Amino acid sequence: MRVLVAEDGLMMRRLLVRALEGWEYDVTEVENGAEAWEAFEKEPFRLVLTDWVMPEVDGLELIRRIRAAQAPFYVYIILLTAKSEKEDLVVGMEVGADDFLVKPVDHNELRVRLREGERIVRLEQELAEQNRQLRETQAALVQSEKLASLGQMAAGMAHEINNPIALVANNLAVLKRDISAAFDLLDLYRSIHSDLLQTHPELAQQAAELEEECDYQWIRTESPQLFDRSLAGLNRVRDIVQNLRSFARLDEAELDYLDVNSALFAVSQVLHHEVDSQQVELRIDPGDIPMILCEPGKIQQVLHHLLLNAIQASEPGSIVTMRSARCEEGVRIDVEDHGCGISSSDLAHIFEPFFTTRAVGSGQGLGLAVSYGIVRDHGGSIQVRSQLGRGSTFSVQLPIRPLDSQTPGGSHED
């Protein structure tokens with residue numbers, strides 16, 4: 001375990017370092033609080049030994065800075081002091097020290113105190129890991145309920161929408177056919193208009209007025225295109241429903257081969273409204289990649305969330321790109337935006353369950369955590385490159401066929 005030793009007395013510091021190295025600690029030594037804080041900022045330590053009285057920054061100020069830094073793990077701090085008054089020790093503990101040793105330091109006592117510090121640090125690590133696993137499980141359960149609702153909604157929508165679509169499409173096809181025949185009949189009547197003028201001029205005049213009033217020529221010219229555009233619109237609705245069904249994977253086994261490029265287009269269709277409302281340009285660059293064995297619904301869930309995040313992070317007029325390519329691991333999928341980016345302090349936490357940078361009530365902070373778990377369970381990895389104000393790129397790498405030990409949902413046999 002790495003230990004930071006801050007002691008301005010050369011002899012005392014050397015004795016401490018020699019003892020710690022003899023106990024197989026990885027020791028970093030500094031001679032004042034300012035250097036100690038600089039070293040801690042570069043890479044936090046789990047164990048810190050600090051003298052109370054030091055130049056520039058004393059031990060109490062160093063402890064205050066460490067506690068205010070909100071390190072990603074607990075830091076156990078032992079305060080070294082020649083002060084033995086009870087009031088002084090209370091001050092040190094209230095500032096944030098976990099333990100203290102009175103100078104000159106007894107090495108046996110120091111070793112016992114360090115072991116106690118190690119025990120507390122390791123208990124904190126175990127507790128943090130258990131808490132992480134619980135939060136991941138909770139996030140997965142919440143997301144599973146959301147997916148179940150999505151599946152039910154997609155199934156209901158597909159059934160309720162496809163039936164009237166089929167009815168309207170059939171009716172339009174019949175109307176297009178019959179109106180075409182009616183136009184042929186009307187054209188025949190129009191061909192005898194000159195004869196009608198001679199035999200029944202009043203009736204011919206009335207027919208001419210009606211033709212002008214209803215703009216017959218426009219109807220005759222445009223109606224076929226109107227039918228074609230209406231049928232194209234219905235086909236568009238049918239495709240959207242099919243893409244929604246494809247996204248939810250309602251008709252497929254849990255473990256199956258997935259065409260990643262088709263999945264990119266399906267997810268883009270599902271989020272077509274968000275693309276339009278955010279006024280961004282979505283580009284899809286499919287590579288020459290093989291199909292992968294996975295849980296298709298879960299992988300599409302990952303793609304859906306990454307694309308939605310990219311759209312929401314983008315300014316109107318900017319470009320969002322989804323691309324696929326081969327990589328050493330198998331297949332790589334990139335989702336790139338040129339939006340607000342992610343700060344370096346937030347990057348360390350974005351895959352934690354319930355962590356979100358959005359306003360309260362606008363996000364649960366589950367999407368990236370669940371996506372990370374899904375990709376990990378498939379034997380893959382997910383990384384992010386981001387620069388504040390310049391945009392982000394999320395890269396998902398997935399094996400073409402996961403190992404049996406990594407196969408989602410258990411082992412799989414052909």
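Reader: Is Leu79 buried or exposed, and what is its relative accessible area?

Author: Leu79 is buried, with a relative accessible area of 3%; buried means under 20%, exposed over 50%, and partly exposed in between (1.4 Å probe, protein chains only). The model is predicted, so local features need pLDDT of at least 70 and side-chain atom pairs count only at pLDDT 80 or more, whereas totals for chains, interfaces and linings use all residues. Residues are numbered from 1 along each chain as its sequence is written, and side-chain values use heavy atoms, without hydrogens and water.

Reader: Which residues does Leu79 touch, not counting residues up to four places away in sequence?

Author: A contact means heavy atoms within 4.5 Å. With that sequence exclusion, Leu79 touches Thr50, Asp51, Trp52, Leu60, Ile63, Gly92, Ala97, Asp99, Phe100 and Leu101. Ile63 is 16 residues apart from Leu79 in sequence, and their C-alpha atoms are 8.9 Å apart in space. Leu79 itself lies in strand E4 (residues 76–81); strands (E, at least two residues) and helices (H or I, at least four) are DSSP runs numbered from the N terminus.

Reader: In what order do the strands of the open sheet with parallel pairing stand?

Author: Two strands pair if DSSP finds at least two bridges between them. Here the five strands have the order E2-E1-E3-E4-E5, with parallel pairing. Strand E2 (26–30) and strand E5 (99–102) are at the edges; each has a single partner strand, so one side of each lacks a neighbour in the sheet. Direction ignored, neighbouring strands are turned by 20° against each other on average. Strand E1 (residues 2–6) is joined to E2 by five bridges, and Leu4 stands opposite Thr28 in E2. Helix H2 (residues 33–42) packs on this sheet, touching E1 and E2, with a direction at about 160° to that of E1. Such angles run from 0 to 180 degrees between N-to-C directions, with axes fitted to C-alpha atoms, for helices over the stretch in contact.

Reader: How many residues has the largest nonpolar core, and which have the most contacts inside it?

Author: A nonpolar core is a set of buried Ala, Val, Leu, Ile, Met, Phe, Trp, Tyr and Cys residues joined through side-chain atoms within 4.5 Å. The largest one has 36 residues, and Val260, Leu306, Ile333, Phe394 and Val396 have the most contacts inside it. Helix H11 gives the largest share, eight residues. Apart from this core lies another of 22 residues, including Trp37 and Trp52.

Reader: How many residues of H11 are buried, and what distance does the helix reach?

Author: The expected span of a helix is 1.5 Å times one less than its number of residues. H11 (residues 296–313) has 18 residues and reaches 26 Å from its first C-alpha to its last, close to the expected 26 Å. The helix is mostly covered, with 14 of its 18 residues buried.
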